[in-house]
Amino acid sequence: METFLQGSICTGFIIAGLFFLRYWKETRDRLFLLFALAFLVLGLNRILLAVDAELQEDHHGLYLIRLAAFLLIIAAIVDKNLRPSRRRDDEPARGADRQVS
Amino acid sequence: MTALIYALCTATALTCAVLLLRGYRNSRVRLLLWSGLCFCALTLDNLLLFLDKIVWPLVDFAPWRPSFAFIGLALLLYGMIWEKKN
């Protein structure tokens, strides 16, 4: 069961990363590109943890990759909020232009 | 060092969740809600990792830990697939 869940989680991260990549392609918003990168890194992290578990090695160092991905997401949100809005005043706000937090 | 890494993973996941849910509260962009909920689940996953490896090493949480991440990703993917593009 645990192996099934780990595989599903890894696949889920990769699929979410691909979704964000598609959003970036449509909107050219850097936030989505950074989210895509972070989620793909999280998927890779799960693969490395699974391989490391097979080798019976101590893998707490691999959690630094997870930490880096989370920090990338935080940086993406902060970057989005610090960027000035690109839209003109007479245009309605699109989803990509709104502040994240 | 190990405990610090696990604790930081939990803290950063929580920070992501808070920022995303605050963003949803301000903008009502649904993708932010689903992303925030995903990171709430990932926070629990990382918290359980910390409890499993550091606080209660004799108790094995390993069979339960992936469940939270699985639920979080399921919520995020549901939101991405079924919500209308905003």
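Me: Before I start, what should I know about the model and its numbering?
Reply: This is a predicted model, in which local features need pLDDT of at least 70, side-chain atom pairs count only at pLDDT 80 or more, and totals for chains, interfaces and linings use all residues. Residues are numbered from 1 along each chain as its sequence is written, chains are lettered from A and ligands numbered from 1 in the order in which they are written, and side-chain values use heavy atoms, with hydrogens and water left out.

Me: ok, how many helices and strands in chain A?
Reply: Chain A has 3 helices and 0 strands, in the order α-α-α along the sequence. Helices (H or I, at least four residues) and strands (E, at least two) are DSSP runs, numbered from the N terminus.

Me: And chain B? How many helices and strands there?
Reply: Chain B comes to 3 helices and 0 strands, and from the N terminus its elements run α-α-α. Its C-alpha atoms fill a box of roughly 45 × 25 × 15 Å along the principal axes.

Me: What share of each chain is buried?
Reply: In chain A, buried residues are 42% of the 101 residues. In chain B they are 49% of the 86 residues. Buried means under 20% relative accessible area, exposed over 50%, and partly exposed in between (1.4 Å probe, protein chains only).

Me: And what about accessible surface?
Reply: For chain A it is about 5700 Å², with 63% belonging to carbon and sulfur atoms. For chain B it is about 4500 Å², and carbon and sulfur atoms have 70% of that. These areas come from the Shrake-Rupley method with a 1.4 Å probe; for residues, only the protein chains shown count as cover.

Me: What part of the contacts is between residues 24 or more positions apart?
Reply: Counting contacts with a separation of 6 or more, such pairs account for 49% in chain A and 56% in chain B. Contact means heavy atoms within 4.5 Å.

Me: Pick a residue from helix H1 of chain A. What does Ala16(A) touch?
Reply: Ala16(A) sits in helix H1 of chain A. Leaving aside neighbours within four places in sequence, Ala16(A) is in contact with Phe39(A), Leu76(B), Leu77(B) and Met80(B). Ala16(A) is buried, with a relative accessible area of 0%. Gly43(A) is 27 residues from Ala16(A) in sequence and 9.5 Å from it in space, C-alpha to C-alpha.

Me: Now chain B. Is Thr12(B) buried or exposed?
Reply: Thr12(B) is buried, with a relative accessible area of 8%. Thr12(B) belongs to helix H1 of chain B. Not counting residues up to four places away in sequence, Thr12(B) touches Leu67(A), Phe70(A), Leu71(A) and Ile74(A). As for Tyr78(B), it is 66 residues from Thr12(B) along the chain, and their C-alpha atoms are separated by 23 Å.

Me: And Thr15(B), where is that?
Reply: Thr15(B) is also in helix H1 of chain B. Thr15(B) is partly exposed, with a relative accessible area of 34%.

Me: What about Arg28(B)?
Reply: Arg28(B) has a positive phi of about 60° although it is not a glycine. Arg28(B) lies in the loop between helix H1 (2–27) and H2 of chain B.

Me: Last one. How many cavities of 30 Å³ or more are there?
Reply: The structure holds 1 cavity of 30 Å³ or more. About 40 Å³ of space lies in the largest cavity. On a 1 Å grid over the protein atoms alone, a cavity is a set of points where a 1.4 Å probe fits but cannot get out, and lining residues have an atom within 4 Å of a point. Grid points are joined across faces, edges and corners, and a volume is the space filled by probe spheres set on the points.

Me: Which residues line the largest cavity?
Reply: Among them are Phe13(A), Phe70(A), Leu42(A), Leu42(B) and Asp45(B). Helix H2 (30–54) and helix H3 (63–82) of chain A, together with helix H2 (30–55) of chain B, each give two or more residues to the lining.

Technical notes. On a 1 Å grid over the protein atoms alone, a cavity is a set of points where a 1.4 Å probe fits but cannot get out, and a pocket is an open set with protein on both sides within 12 Å along at least five of seven lines; lining residues have an atom within 4 Å of a point.
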